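Subject: A structure for you to look at

Hello,

Here is the structure I promised to pass on. Please have it open while you read, and my notes on what was found in it follow below.

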Number of protein chains: 2
Amino acid sequence: MNKNNFNRRNFIKNTATSSLGLAVLGTGSLSSISAPYIKKVTPRINFSVIGINHGHIYAQVEMILKGGGNFISFYGKEPELVSAFSKRYPNAKLAGSENEVLEDESVDLILSASIPDERAPLGIRAMLHGKDFMVDKPGITTLQQLEDVRYAQKKTNRIYSINTERCESQSIVKAGELVKSGAIGKVVQTIGLGPHRMNPGSRPEWFFDAERSGGIICDIGSHQFDQYLFFTGTTKPQVVAAQKGNINNTQYPLFEDFGDVMLRGDGGMGYLRVDWFSPDGLKTWGDGRLTILGTDGYIEIRKNIDIEGRPGRNHLFLVNQKERKYVDCSDVSLNYGQQLVDDVLNRTETAMGQEYCFLVAELGLIAQKKAQRIG
Amino acid sequence: MNKNNFNRRNFIKNTATSSLGLAVLGTGSLSSISAPYIKKVTPRINFSVIGINHGHIYAQVEMILKGGGNFISFYGKEPELVSAFSKRYPNAKLAGSENEVLEDESVDLILSASIPDERAPLGIRAMLHGKDFMVDKPGITTLQQLEDVRYAQKKTNRIYSINTERCESQSIVKAGELVKSGAIGKVVQTIGLGPHRMNPGSRPEWFFDAERSGGIICDIGSHQFDQYLFFTGTTKPQVVAAQKGNINNTQYPLFEDFGDVMLRGDGGMGYLRVDWFSPDGLKTWGDGRLTILGTDGYIEIRKNIDIEGRPGRNHLFLVNQKERKYVDCSDVSLNYGQQLVDDVLNRTETAMGQEYCFLVAELGLIAQKKAQRIG
């Protein structure tokens, strides 16, 4: 980056408004990441955004701001999305085209939450222009795209990082520490439930088209595939069975509202269910759960809500041979943003192994493709 | 039954000691069934017990005492089991042989918790002797046994009832009422988790032999298969995939400590996981869960414990389009025992449809057989 371009006052201003912005936009990841964002960070790289079709882009920007990024420019095709985004980040320059961003030599890293099926081609263009790339999940929507991304990444030696909830979740990171310390013995299986609220009135057209969104298993399941591989340490996963279908939303014929997958691998077993059935009575968008079963205990995470229980998010329960307890995760640091900025500078893989990232994507793509159609 | 044989004083005495006895023996079903057992019941049939190898027999006896049974005799092969059982039911006559019970014309109903692979042959003998039969799960351990039981049942027109936890669970019965009333719309899927504590030191030899116990999916899974069929209303179930294995107890080479099954049917989908990994730090034998996902809401049951939450058992959480709430299940009546006694008298199927009972068993047997071996 050109350090002279850096405007410290604007950076701090952007950072300071982040809590409010995130809360208003309801990205769902606010409470877990707001605390660590309070401190000021000296920017170390320049980054830009291309594609703001999903609201997740706000959390992505916040992570990189916090990690040491200087947000210099962005491009989005849709005027209404651009308008809201500009208000939130008034000091990032609105570029006239995608190419203007890609050809800006001062840009180190490009973030994107474009329409899912457009993400991989964009990421390839970004890498071919010498940029690293961090993208919302699903970061790749077909096996052909995966092959192309793998090839371009190897050719360019750039970073292609796909952001899933583990990057932003104190409870999942805490579970990682506990499992690593042997708190539940050897992991036997993970079960991940990812219910989501559909909110059809607020969704763009591509949301209802499984080809464009990647399909429910590939899209939402990104989180659960990541958590399965991360907690079991599996490197050779296998889709034992998978199902997908449109059970109750047939007015959208290309939509999928239910999916589930049974997994097995060299590190353990896994099961995941994803759906769009979160009811309106729930105070959040989805009662996401993760249960990690070990030979000497288990961990349950209630990611977003403890129904009729404790307030807030990130509820972790641990039961093992010695004890059972509720574990407070509020002091856990979330380092994905900082590590990714480190990786951009040092050409390392501390935020997420590149092959690991592709393996998570590949597993989701295979499960989505292999899934039997139901309903 | 011969009404003159009935000894009312002894019956009341037996019933009055049930709370203490059940608590000491730890059948796990006490708190859900103790309240409705307080009232005195006029006995309407005679029943006996053959086979007391599993402690579940105590809960079975309590249910039938409460339902209107007069406990007249029992037979067990094992002196140490007989001794404890006699102390608990001093007024039931210890028979000298199985045949003595089978040939007693005053006996209407026989209960059994014998070794699982001996249950179906015993049940067939009981039916051929004109008795109805109520047996602990798994009530049948091979598909050949199922065929034989089906044939004998049809031939004799006797009752063959397999007892699962729904018969004894206020929260599951309550969930049934809620689902029936439309509280969560149409059921889409059930997920049942059945972790159990292994306690190897307290287990008899047959426990470690999957052939004798029926295998983990057929045995423990009985509950989850029943709940899947009951809540989805599926009549044509299909095992999409199943896995079974011995992950961490290879010192017992014939044992299975993990199993899971993915299901689909005309009424909805299902998944179940069963295991023997409950850690010692858990206050109960297993953190059993049932999640019923509907098109307009979901129900979660924490069957035995709400870890670090509310005391007691039978925790039901309901979230739908209008509200989310914790539902108290303490006033729910458990009618299985009374209905089974009614059925014995009236030749009806109010406690459990005979074909339904066989369908639950068949699903478990097919899943157990089809399961891929892991570990």
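**Salt bridges and burial**

Arg289(B) is buried, with a relative accessibility of 8%; buried stands for under 20% relative accessible area, exposed for over 50% and partly exposed for anything in between, using a 1.4 Å probe and protein chains only. Before going further, please note that this is a predicted model, in which local features need pLDDT of at least 70 and side-chain atom pairs count only at pLDDT 80 or more, while totals for chains, interfaces and linings use all residues. Residues are numbered from 1 along each chain as its sequence is written, chains are lettered from A and ligands numbered from 1 in the order in which they are written, and side-chain values use heavy atoms, with hydrogens and water left out.

Back to Arg289(B): this residue forms a salt bridge with Asp287(B), with 2.9 Å between the closest N and O atoms. A salt bridge here is a side-chain nitrogen of Lys or Arg within 4 Å of a carboxyl oxygen of Asp or Glu. Asp287(B) is buried too, at 4% relative accessibility. Both residues belong to a network of salt bridges that also takes in Glu300(B), Arg302(B), Asp306(B) and Arg310(B), together with Asp287(A), Arg289(A), Glu300(A), Arg302(A), Asp306(A) and Arg310(A).

Over all chains, the structure has 52 salt bridges. One of them joins the side chains of Glu118(A) and Lys77(A), at 3.5 Å from N to O. Glu118(A) sits in helix α7 (residues 116-128) of chain A and Lys77(A) in the loop between β2 (69-75) and α5 (79-88) of chain A, so this pair ties together parts that are 41 residues apart in sequence. Helices (H or I, at least four residues) and strands (E, at least two) are DSSP runs, numbered from the N terminus. Glu118(A) is partly exposed at 25% relative accessibility, whereas Lys77(A) is exposed at 56%. Another salt bridge links Glu323(A) with Lys325(A), at 3.6 Å between the closest N and O atoms. Glu323(A) is partly exposed, at 33%, and Lys325(A) is partly exposed, also with a value of 33%.

**Where the chains meet**

In the interface, 51 residues of chain B are in contact with 51 residues of chain A; contact means heavy atoms within 4.5 Å. The two chains bury about 4400 Å² between them, 60% of it on carbon and sulfur atoms. Buried area is the accessible area (1.4 Å probe) that two parts lose on being put together, summed over both. Met262(B), Glu308(B) and Arg324(B) supply 15% of the area that chain B buries against chain A, more than any other three residues. There are 4 salt bridges across this interface. Arg289(A) and Glu300(B) form a salt bridge, with their closest N and O atoms 2.5 Å apart.

**A sheet in chain B**

Chain B has an open sheet of 6 strands with parallel pairing, in the order β3-β2-β1-β4-β5-β6. Two strands pair if DSSP finds at least two bridges between them. At the edges stand β3 (93-94) and β6 (160-163), each with a single partner strand, so one side of each has no neighbour in the sheet. Strands β4 (residues 109-113) and β5 (residues 132-136) of chain B run parallel and are joined by 4 bridges; Leu109(B) has Asp132(B) in β5(B) as its bridge partner.

**Cysteines and a buried glutamine**

The count of disulfides over all chains is 0, a disulfide being a pair of cysteine sulfur atoms within 2.5 Å. For Cys218(A), the nearest cysteine sulfur is that of Cys357(A), 12 Å away. Cys218(A) is buried, at 4% relative accessibility.

Finally, Gln227(A) lies in helix α12 (residues 221-232) of chain A and is buried, with a relative accessible area of 0%. Leaving out neighbours within four places in sequence, Gln227(A) is in contact with Glu165(A), Ile172(A), Thr190(A), Leu290(A) and Lys303(A).

Best wishes
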